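Let's take a walk through a protein model and look at how its charged side chains pair up. Have the 3D view ready and follow along.

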Amino acid sequence: ANADAGNAPRHHVYLRSDWRFMPDWRLNAQLNWVGGRKRVAGDTRPEIDDYMTVDLNLRTDPKNVPWEFGFSIRNLFDADAREPSPFSTPFVNVPNDIPLAGRAFFVQAVHRF
């Protein structure tokens with residue numbers, strides 16, 4: 001009765017840092033670490049690995065200009081991050097768990113009216 005429910009992390013750390021390094025420019029970094037997940041009772045697959053992702057965002061923040069620009073890198077180090085998949089259900093079978101997105105790049109332009 002005191003068994004771990006499974007699939008939920010025992011540890012989750014989220015850190016974010018924002019830096020206005022020049023007028024009208026901001027850089028922020030995010031770190032997300034998930035660890036200590038057990039499988040549900042009866043799931044004989046190996047323990048799911050911990051993962052850590054790092055995201056970087058660079059943006060303009062102009063005061064007197066209608067345009068803003070941004071550049072982001074998500075999962076900077078291309079970590080193999082996975083979430084637990086259901087076990088032993090007749091409709092879902094993902095034996096190696098659910099992969100999260102790998103490294104991705106985003107560019108944004110915003111015009112304010």
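Before we start, one term: a residue is buried when its relative accessible area is under 20%, exposed when that area is over 50%, and partly exposed in between. Keep in mind that this is a predicted model.

Side chains of opposite charge can pair when their charged atoms come close. Here you'll find nine salt bridges. Let's begin with Glu 83 and Arg 37, whose side chains form one with an N to O distance of 3.4 Å. Glu 83 sits in strand 5, while Arg 37 is in the loop between strand 2 and strand 3, so this pair links distant parts of the chain, 46 residues apart. How exposed are the two partners? Glu 83 has a relative accessible area of 27%, so it is partly exposed, whereas Arg 37 counts as buried at 2%.

Now find Arg 39 and Asp 97, which also meet in a salt bridge, this time at 2.8 Å, N to O. Because Arg 39 lies in the loop between strand 2 and strand 3 and Asp 97 in the loop between strand 5 and strand 6, the pair ties together parts that are 58 residues apart in sequence. Both ends are tucked away: Arg 39 is buried at 9% relative accessibility, and Asp 97 is buried at 6%. These two also belong to a network of salt bridges that links Arg 39, Asp 43, Arg 45 and Asp 97.

Last stop: Asp 80 and Arg 82 form a salt bridge, their closest N and O atoms being 3.0 Å apart. Asp 80 has a relative accessible area of 55%, so it is exposed, while Arg 82, at 26%, is partly exposed.

Terms used
Residues are numbered from 1 along each chain as its sequence is written. This is a predicted model: local features need pLDDT of at least 70, side-chain atom pairs count only at pLDDT 80 or more; totals for chains, interfaces and linings use all residues. Side-chain values use heavy atoms; hydrogens and water are left out. A salt bridge is a side-chain nitrogen of Lys or Arg within 4 Å of a carboxyl oxygen of Asp or Glu. Helices (H or I, at least four residues) and strands (E, at least two) are DSSP runs, numbered from the N terminus. Buried means under 20% relative accessible area, exposed over 50%, partly exposed in between (1.4 Å probe, protein chains only).
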